[in-house]
Amino acid sequence: MNAVIKAENLGKKYIIGHQKQRGGATLRDSMAHTARGIWQRVRHPLSPNRESIDLEELWALKDVNFEVQEGERLGIIGPNGAGKSTLLKILSRITEPTTGKVRIKGRVSSLLEVGTGFHPELTGRENIFLNGAILGMTRQEIKKKFDEIVAFAELEKFLDTPVKRYSSGMYVRLAFAVAAHLEPEILIVDEVLAVGDASFQKNAWERWRMWHRKDER
Amino acid sequence: MNEIIIEPNKSLKRFWQELWAYRELFYFLAWKDILVRYKQTVIGIAWSVIRPLLSMVILTVIFGGVAKLPSGNTPYPILVCAAILPWQFFSSILTLSGNSLVANRNMITKVYFPRIIIPSTSMVVSFVDFLIAFVILAALMLWYGFWPNLKILVLPALLLLAALTSLGAGYWIGALNVKYRDFQHIVPFIVRFGLYASPVGFSSSLVPEKWRLLYSLNPMVGVIDGFRWALLGKEASLYLPGFLVSIGLAITLFITGALFFTKTERKFADII
């Protein structure tokens with residue numbers, strides 16, 4: 001069989017404590033912590049984990065093994081905090097695994113969020129190009145699909161308006177339209193389809209099915 | 001079909017391959033910086049002329065007018081202007097790249113691409129500003145009838161030296177800023193203090209001979225002296241040992257900065 005994604009012993013460790021005090025992890029805190037660590041070590045040279053004073057390890061993923069075959073679709077479900085997004089982040093190379101490895105064959109696009117990198121001051125037209133490039137499209141591809149994207153988003157009239165003047169629905173439609181015109185071999189999606197109003201959601205689902213059909217060809 | 005292997009620690013060869021593969025993103029992000037720079041301003045791109053012009057006037061008045069520092073046969077405004085251009089190029093890259101990662105945090109946590117592209121694009125918008133501001137210098141030189149000679153052809157190399165220095169520092173600060181937000185407070189200080197510590201408002205020939213090598217430990221001293229040497233004809237001389245020190249430091253700063261950046265970038269999405 002032809003496995004396009006193969007994950008072996010995947011594990012991801014986070015050190016919380018540092019994560020909790022986001023923005024508060026200043027140089028001073030860190031130096032104080034280091035100093036305390038050194039002092040601890042001097043006093044108890046044999047104590048194993050001095051780090052545990054104010055840091056805690058958290059394994060978001062541990063020993064994850066799976067394979068995805070060509071043409072296959074894999075859904076991952078689980079409660080909040082189960083590690084779904086962490087797994088997707090590893091697959092899309094945003095963060096590196098602590099242990100194990102993944103082999104991926106093919107062009108990957110990941111949609112963990114729609115509208116990543118949109119700049120509020122830029123117009124709809126400019127943001128289509130920018131966002132397309134961020135998602136991994138080449139300039140040629142974007143030019144070729146530009147009209148389709150605009151039609152899908154139903155925003156012909158507002159192409160030269162800065163997106164900061166868009167309603168949130170328009171914003172999301174534009175963002176999704178760009179993403180929907182990616183043509184990857186492997187698509188990684190986090191809960192991004194739940195956007196827009198009812199009629200737009202219908203369009204989005206249709207687009208989604210088209211993707212599937214293309215796979216089955 | 002290309003195969004990607006995701007595992008802890010990426011090889012250096014992969015790094016270069018990816019950088020090449022993502023060159024279009026570099027182009028688009030630089031293009032965005034330029035587009036966004038003067039959106040919703042009335043006079044737009046004129047700011048790129050006004051900012052250096054005002055700094056030049058202030059420095060000329062303070063150092064040339066009030067402190068009456070010597071400038072040889074060179075008109076004081078030209079002496080200052082030849083230094084302000086590379087200085088603003090440097091400080092603009094440093095400021096933009098130092099803050100760039102935190103400013104683009106949503107991109108870092110949601111999409112993959114070689115992170116080093118983000119601070120590096122600051123070079124493009126700063127270069128555009130430099131070119132526009134160059135008009136002031138050209139106008140001043142015309143006004144004073146000051147003709148540069150062939151040495152002006154060295155300018156691109158000197159600009160590269162300024163870019164290496166500022167990008168090197170920008171990589172260090174940008175990467176450190178991801179974890180320690182202290183660094184975003186340090187940059188404005190470097191920029192403000194550096195303006196007076198570097199020979200922008202005065203000629204570095206004022207520095208006593210025995211201190212000049214030490215003074216050249218600031219890589220921007222080499223860049224600014226080089227600019228004056230290239231632009232002001234025989235009026236400016238180049239202190240060679242100091243210049244070589246500056247080149248060495250600029251290259252060291254750039255290489256260590258890039259290495260530190262690529263070593264820490266794997267953790268960016270987790271700690272930013």
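**Close-up views of a predicted model**

**View 1. Chain A in outline.** From the N terminus on, the elements of chain A follow the order β-α-β-α-β-β-α-α-α-β-α, which comprises six helices and five strands, where helices (H or I, at least four residues) and strands (E, at least two) are DSSP runs numbered from the N terminus. This is a predicted model, in which local features need pLDDT of at least 70, side-chain atom pairs count only at pLDDT 80 or more, and totals for chains, interfaces and linings use all residues. Residues are numbered from 1 along each chain as its sequence is written, chains are lettered from A and ligands numbered from 1 in the order in which they are written, and side-chain values use heavy atoms, with hydrogens and water left out.

**View 2. The largest nonpolar core.** This core, a set of buried Ala, Val, Leu, Ile, Met, Phe, Trp, Tyr and Cys residues joined through side-chain atoms within 4.5 Å, has 128 residues, and Ile5(A) is among those with the most contacts inside it. Helix α4 (residues 76-103) of chain B gives the most to this core, with 15 residues.

**View 3. Helix α2 of chain A.** The buried residues (under 20% relative accessible area, 1.4 Å probe, protein chains only) of this helix, residues 84-91, are Thr86(A), Leu87(A), Leu88(A), Ile90(A) and Leu91(A). The buried residues of α2(A) pack against β1 (3-16), β2 (56-69), β3 (99-105) and β5 (186-189) of chain A, together with β1 (3-6) of chain B. Just after α2(A), Arg93(A) takes a positive phi of about 70 degrees.

Conventions
Buried < 20%, exposed > 50% of the residue type's maximum accessible area, 1.4 Å probe, protein only. Contact = heavy atoms within 4.5 Å.
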